[in-house]
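User: I would like to learn how to read aromatic ring pairs in a protein model. Could you take me through the general idea and then the case shown here?

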Amino acid sequence: MIEDQDLIDQSPPPPPDPNPSPNPATIHPRRVPFEHGLLPIQKLVFADPIQTLAPVKQKLADAAASKNNNRVGSDVIADVLQISGDHARLVLETLGSVLHSEDDPLVGAKPEEVESVGADLRDLVLFLYIQSYKKLLPRTHKDSAAVADVWPSTSAFDGYLSALSPIQLVRSNSRRFMPSQADDEAHQLSYLQKHLGNIISLLAEPVEGEGEESLVLSMEAFEHLGFLVQFGDKGSDVSPLSQATPFFANSDPDMPAVPVPASQVHDWLLQNIASALESITDRVSGKENGPSNASDQDDAMSDACDAPNKVAPSGRGPCLIEGVSKTSLVKQASDLRGRSVKVVNCHDSVIYLLAPLRYATVYGCSDTTIVLGAVGKALRVEHCERVHVIVASKRVCIANCRECVFFLGVNQRPLIVGDNHKLQVAPYNTYYSHLGEHMSEVGVEPTINKWDKPLALGAVDPHDSLSHPAGVADSQAESAACVDPDQFINFLIPNWFNGEEIGSTKDNPFPLPDPYMTAQQRNLKNLEETRRSLRETPLEENRKKELSTALHVYFKDWLYASGNIRQLYCLQGD
């Protein structure tokens, strides 16, 4: 029901325009909920969302009514959805990481407050609805013969899904890659186009005395559609969703706006989505039939063979780092501050992204070390092999990876989903001079590190469009083992900040657990003893030179065998 009827202008709303004009600014899906907000929990994936969610919404609304703030906590979520307390908290943490409004209490809630602060009922319902979304299948490479697999054709793992590696599974025999930004956006818009009527009906309320057939949408409820869509051209600021509409744009801020018929909102949004889909189709077909435009970023997911070592800025979307191969790449805060980033199809390289970031995605990489600065919302690592990831982040999700090691400073439990094998986790192991201020800027807490408490969910992702063998839907993903403290070493980031102001961070901001600190101190002690014994060994000058030469030869051999010689050349080049 609509509250505060006495404060609302009772003049009748204008009749629905049979041909509502689309907004001159283009509508876009918010990619974040679709990329970072899907959870492989079977009880959250509804075959018929509207039939299932309508009664769920009513139960949640009844519980929220007792608090008079339209919010529900984890205990209510667990009870209504029949999920565990851990999963209910995961729902809240995930929703908080992808919300469209930074002013929502859940976004800024401290870890101990999350369960009691809870979620706005309308945001939660939309979040639950899109759990039915199916991701777009990876696209076929334009020149499949030019790309070779980086994993052996037969696997040592006897998994039930496939003998293929994560990258091979994505590419399949036709060499498939991450969908382009344009393809993904069109797929998400098509999903919203199909389900828009249901989504609006979940946010709408019936007019008092006129029954369910007469649904209206208040401006406040309409704003919650900003969880799924936004208006604005590339590089422009995203304004409140209501300001993009003909219904609420000129509303008096001192007087609640008149609710609008849900059918009118539905028709107007459908027209905008149809216009956006047509624009994407024209743009993509123009590229296929005409010369490529290097400045156009909507097809930024082209592969490494077309654009080696590609770094593609995008005004509206994330910065793309793609196809980096057999080299080192450094990006600092001046390049990336406050941005989101995607690292895609990078191989046999070392990548440093030393900046405060909102979201980060690492996809389809192999034999690469990736150092991310501070990620304030979420990091997702997917379809990677033999990758080392070092990150300070509020949230981390690992999906379909093999033989990867994650050095984590993470405020929430790392999430492990899909077909993973031989993963390892370890405490955070590096620093750079501006790390502390970057963590503070995006809200990563150095006093909370849940690196050793991974939460494994389903081995099969119900949101992908791949077929899976029967009977494995409820299987749990293989979790990660902790790196042996004796194998733990610090990672040294070279100083690329010459000429810039040096930050205040002089050590790892995350305290090391006792076993790792003890092992590190023991290794340092052994190193000092070895140095001392070498210095104090009585040798003739020619023997000392022979020893020094031998040590240099072995060190050089190690540099070449490990591939670290490439980093030295890159440092010299910089």
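Analyst: A pair of aromatic rings is described by the distance of the centres and the angle of the planes. Rings of Phe, Tyr and Trp (its six-membered ring) pair if their centres lie within 6.5 Å, and planes under 30 degrees apart count as stacked, over 60 as edge-to-face and the rest as tilted. By this rule the count comes to ten aromatic pairs. Phe 247 and Trp 268 have ring centres 5.5 Å apart and planes at 75 degrees, so this pair is edge-to-face. This is a predicted model, in which local features need pLDDT of at least 70 and side-chain atom pairs count only at pLDDT 80 or more, while totals for chains, interfaces and linings use all residues. Residues are numbered from 1 along each chain as its sequence is written, and side-chain values use heavy atoms, with hydrogens and water left out.

User: Are Phe 247 and Trp 268 buried or exposed?

Analyst: Buried means under 20% relative accessible area, exposed over 50% and partly exposed in between, with a 1.4 Å probe and protein chains only. Both Phe 247 and Trp 268 are buried.

User: Which kind of pair do Phe 488 and Tyr 516 form?

Analyst: The pair of Phe 488 and Tyr 516 is edge-to-face, at 5.3 Å centre to centre with 80 degrees between the planes. Phe 488 is buried, as is Tyr 516.

User: Which residues form one aromatic cluster?

Analyst: One aromatic cluster is formed by Phe 407, Trp 451, Phe 488 and Tyr 516.

User: How does Leu 539 count by its relative accessibility?

Analyst: Leu 539 has 31% relative accessibility and therefore counts as partly exposed.
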